[in-house]
Amino acid sequence: LGYAPNEGGLHHYNQHVGEFMQNTDPDTQEELRIGTRDLWRTVLMKAFNVSGEELLKSEMEIVEARKVMHAVATKMQSPDVLEKVAKLAAKTPPTGNMQMDMSMKHQVVQDTLVHDVYLGGEPSLVEEMGFEKGEKGYISMQALMSEHQNDPMIAQYVGAAMMQVLKSAGIDPTAAMGQQ
């Protein structure tokens, strides 16, 4: 029962939610969208000690959310980012434990995504998309985007970009997604 606590489990959960969203009535879709948004906002508030008022200041329309995620996915797949991920992942020392090795490479991916894709550059992507500079802008962006994470086009942008980033890290995306 349930989903594995890894990338494969998350992939399967998101896949099942997407399938459910396509086959359910509009009222249920809206209820799930709002519930998912609120859950993600709560996670961000607790993890980053941000007030709910700050995260609830605005909402983002789907067209704008797609534009933002297209920009994120494009930057994720830029040669500079893919090369940096490949170089840093190649430097991770093998531990003899495949799970630990993959975890270390995943950490490289996450660090690079946050520090180079979202927060790197002048101005950063977060700022280019109209959010405050730094971690606070990143958190606000994530909170607003959470409302649209089940949108098929956004999922396609993110999925395609993550496949490339994972490959650059030396992680087989199909094997990572298949673990459950």
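1. Which pattern does the chain follow, read along the sequence? The pattern is α-α-α-α-α-α-α-α-α-α, with 10 helices and zero strands; helices (H or I, at least four residues) and strands (E, at least two) are DSSP runs numbered from the N terminus. The model is predicted, so local features need pLDDT of at least 70 and side-chain atom pairs count only at pLDDT 80 or more, while totals for chains, interfaces and linings use all residues. Residues are numbered from 1 along each chain as its sequence is written, and side-chain values use heavy atoms, without hydrogens and water.

2. Of the 180 residues in the chain, 37% are buried (under 20% relative accessible area, 1.4 Å probe, protein chains only).

3. Helix α6 (residues 98-118) packs with helix α9 (residues 152-168) at an angle of about 125°, their axes lying 10 Å apart; axes are lines fitted to C-alpha atoms over the stretch in contact, and angles run from 0 to 180 degrees between N-to-C directions.

4. The contact residues comprise five nonpolar, one polar and no charged (nonpolar covers Ala, Val, Leu, Ile, Met, Phe, Trp, Tyr, Cys and Pro; charged covers Asp, Glu, Lys and Arg; the others, Gly among them, are polar).

5. Asn-150 lies in the loop between α8 (135-146) and α9. Leaving aside neighbours within four places in sequence, Asn-150 contacts Val-17 and Thr-36.

Definitions and conventions
Contact = heavy atoms within 4.5 Å. Buried < 20%, exposed > 50% of the residue type's maximum accessible area, 1.4 Å probe, protein only.
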